[in-house]
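Please read it alongside the structure shown below.

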Amino acid sequence: MGASEATVVASAPGKCILFGEHAVVYGQPAVAVAIEQRLTVSLAPAPSWSVDGSALNAAKHPHIVHLRNRFLGEDASPMAVHIQGDIPRASGLGSSASLSAAIGAAMAHLRKADAPMTNDELSEAAHAAEAAAQLGRASPMDTSTSVEGGVVVLSDQREEVGEWAYSRTLTTPEGERRWEVHRIDPPGDDVYLVLGNTGVHAPTSKQVAMVAQALASNPERMREIQAIGTVARRGLAALVSGDYEAVGHAMSENHLLLRGLGVSSDALEELIQAALPTSLGVKLTGGGGGGCMVALTRHPKHTSEAIELAGGRTLVSKLGNEGVRLELH
Ligand code: MEV
């Protein structure tokens, strides 16, 4: 049986940004961790292309169409795509990047089962799909974290931490961007992430475009982006030395800067206030405007309860989990 006649299953984790969202689009350093929550996709031969029973549609499924055209070609034998998992959609936890990583891995396997893709190639393809869906403005933060797993650092320069993995470039409406992607392995500790979901869907593309608009109308505000970079660098140093109290401080400081940038919301602020007393640090995570906040805590049960009492839905994760993987084929 040829590879294209078999069912392929792949999964990839979501991500949580500890420092530097939005500023990373402009080259500032940022740190993200792969979370325990994952999406699993299966691709099975079918009479026509579909996603969870609906016809594949470029407007509704831009990442899937992009990756299908790239790996298999527009005329490829049709497949039924099924997606399942526990990453809430449009909530700042990288569900679209996780989908791109998992679909990309499955399609790359279908194309050439005997020559698996490298993480570098797969994260490049997933980033291109993400950028196409985000109006040309997307850092490789989400896609590299879903592909690599663990803890990932991005910057416009090679950092003296961890292990450098590869460079990524993108032509954005604001010009050429280049990011250096690194993996780090922070010392373990008994700390958890509690993710509090406001339940408000906030598309990343809209949030990123809003920041771009604010910077275009007042270029002075680039200072706020640079300040986020300074805090991210401090948070990164704390993380690699295992000083989780300082990591928490930097997260809370990062949040104040994001709030100043206009990407928080009343619902996020309520969950953040609720989590503060039992946490080392709290901030919004991802694009903001809704979606999720994250608390770094040694008391995940207490922190979750406080967030839920304030109306949020919670997920708990350890820091750093396995990246993309083929499940069975
Ligand atoms: C979204 O998870 C993170 C942002 O920084 C956008 C990006 O990096 O592409 C808001």
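A residue counts as buried when its relative accessible area is under 20%. The model discussed here is a predicted one.

## Cysteines

With a relative accessible area of 1%, Cys292 is therefore buried. Cys16 also counts as buried, because its relative accessibility is 0%.

A search of the whole structure finds zero disulfides. Cys16 takes part in none, and the nearest cysteine sulfur to its own, that of Cys292, lies 8.4 Å away. A disulfide requires two cysteine sulfur atoms within 2.5 Å.

## Helix 3

Helix 3 comprises 15 residues, 119–133. At 1.5 Å a residue it should span 21 Å, and its end C-alpha atoms are 21 Å apart, so the two values agree. Just after this helix, Leu135 adopts a positive phi of about 55°.

The buried residues of helix 3 are Leu122, Ser123, Ala125, Ala126, His127, Ala129, Glu130 and Ala131. Among the elements that cover them are helix 1 (62–71), helix 2 (95–111) and helix 4 (141–148), together with strand 7 (163–172) and strand 8 (175–184).

## Packing of helices 2 and 3

Two packed helices are described by the angle between their axes and the distance between those axes. For helix 2 and helix 3, the angle is about 130° and the axes are 9 Å apart. Helix 2 is therefore oblique to helix 3.

The crossing of helix 2 and helix 3 is right-handed. Helix 2 contributes Ser96, Ala97, Ser100, Ala101, Gly104 and Ala105 to the contact, while helix 3 contributes Leu122, Ala126, Ala129 and Glu130.

Key:
Residues numbered from 1 in each chain as written. Predicted model: local features only at pLDDT ≥ 70, side-chain atom pairs only at ≥ 80, totals over all residues. Heavy atoms only, no water. Helix = DSSP H or I, 4+ residues; strand = E, 2+ residues; numbered from the N terminus. Expected span 1.5 Å × (residues − 1). Buried < 20%, exposed > 50% of the residue type's maximum accessible area, 1.4 Å probe, protein only. Contact = heavy atoms within 4.5 Å. Axes fitted to C-alpha atoms, helices over the stretch in contact; angles between N-to-C directions. Parallel < 35°, antiparallel > 145°, perpendicular 65-115°, else oblique. Left-handed = near helix turned anticlockwise from the far one by under 90°.
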